[in-house]
Amino acid sequence: MELIIIIVFIIVAAISGAIFGYFLRWIISLGKKGSMELKIKQMMLEAKDEAQRITEEAESKAEKILSESRTEVKEQEEKLKKTEERLIKKEELLDSRQGDIDKEAEGLKKKDAEIQQIRDRAEALIVEREEALQKISGLTEEQAKTALLSMVEKASE
């Protein structure tokens with residue numbers, strides 16, 4: 001009987017050891033599972049923090065680039081505005097000069113017309129004087145030339 005009690009005791013001990021081992025293993029796996037879940041949660045938090053940091057860094061860089069672009073655009077606009085103002089001033093100056101040149105040309109045309117009128121009058125007076133001299137002297141133009149040449153020849157001898 002003692003042998004049966006020992007065998008029963010051994011069987012009970014083996015069953016209790018198996019049950020105890022099973023629960024111990026279950027508790028350990030729950031601990032590992034919790035530990036794994038904690039690691040996963042920690043990794044997720046770290047990934048979220050890293051993503052947040054990267055996002056903030058990207059936004060900062062984007063704002064900086066945008067600010068620089070706006071500054072460059074303003075500088076270009078100012079340069080264009082200055083160039084446009086300079087060109088407008090030059091255009092106004094050229095228009096003014098063109099007006100002056102046109103006035104001078106018009107004045108020169110008037111003077112040219114006056115000079116032409118004076119020439120015409122002078123030629124008419126010369127012709128009139130020659131006719132008057134011919135009438136007074138009673139000689140033709142050819143006769144007057146011949147007489148003048150002979151007088152010059154006599155004076156030169």
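The legends below describe close-up views of a predicted model.

**View 1. Four charged side chains, those of Glu50, Arg53, Glu57 and Lys61, are linked in a network of salt bridges.** The count of salt bridges in this predicted model comes to 3, and the next three views take up the links between these residues one at a time.

**View 2. Glu50 and Arg53 are joined through their side chains by a salt bridge.** The distance from N to O in this pair is 2.4 Å. Both residues belong to helix α1, where Glu50 and Arg53 stand 3 residues apart, which means that about one helical turn separates them. Glu50 has a relative accessible area of 36% and is therefore partly exposed, while Arg53, with a relative accessibility of 41%, is also classed as partly exposed.

**View 3. Arg53 also takes part in a salt bridge with Glu57.** Here the side chains meet at 3.2 Å, again given from N to O. Arg53 and Glu57 are 4 residues apart in helix α1, a spacing of about one turn of the helix.

**View 4. Glu57 meets Lys61 in a salt bridge between their side chains.**

**View 5. Tyr22 and Phe23 form an aromatic pair with an edge-to-face arrangement.** The count of aromatic pairs comes to 1. In this pair, formed by Tyr22 and Phe23, the ring centres are 5.8 Å apart and the angle between the planes is 65°; the arrangement is called edge-to-face because the angle is over 60 degrees. Tyr22 counts as exposed, with a relative accessibility of 55%, whereas Phe23, at 43%, counts as partly exposed.

**View 6. Glu68, Glu72, Glu75, Glu77 and Glu78 form a negative surface patch.** Among the residues of this patch is Glu78, which lies in helix α1, the helix that covers residues 2-137.

Key: Residues numbered from 1 in each chain as written. Predicted model: local features only at pLDDT ≥ 70, side-chain atom pairs only at ≥ 80, totals over all residues. Heavy atoms only, no water. Patch = residues over 30% accessible without salt bridge, like charges linked within 9 Å, V, L, I, M, F, W, Y side chains within 5 Å. Areas by Shrake-Rupley, 256 points an atom, 1.4 Å probe, with all protein chains shown as cover. Lys, Arg positive; Asp, Glu negative; His and termini not counted. Charge placed at Lys NZ, Arg CZ, Asp CG, Glu CD. Helix = DSSP H or I, 4+ residues; strand = E, 2+ residues; numbered from the N terminus. Buried < 20%, exposed > 50% of the residue type's maximum accessible area, 1.4 Å probe, protein only. Phe/Tyr/Trp six-rings, centres within 6.5 Å; stacked < 30°, edge-to-face > 60°.
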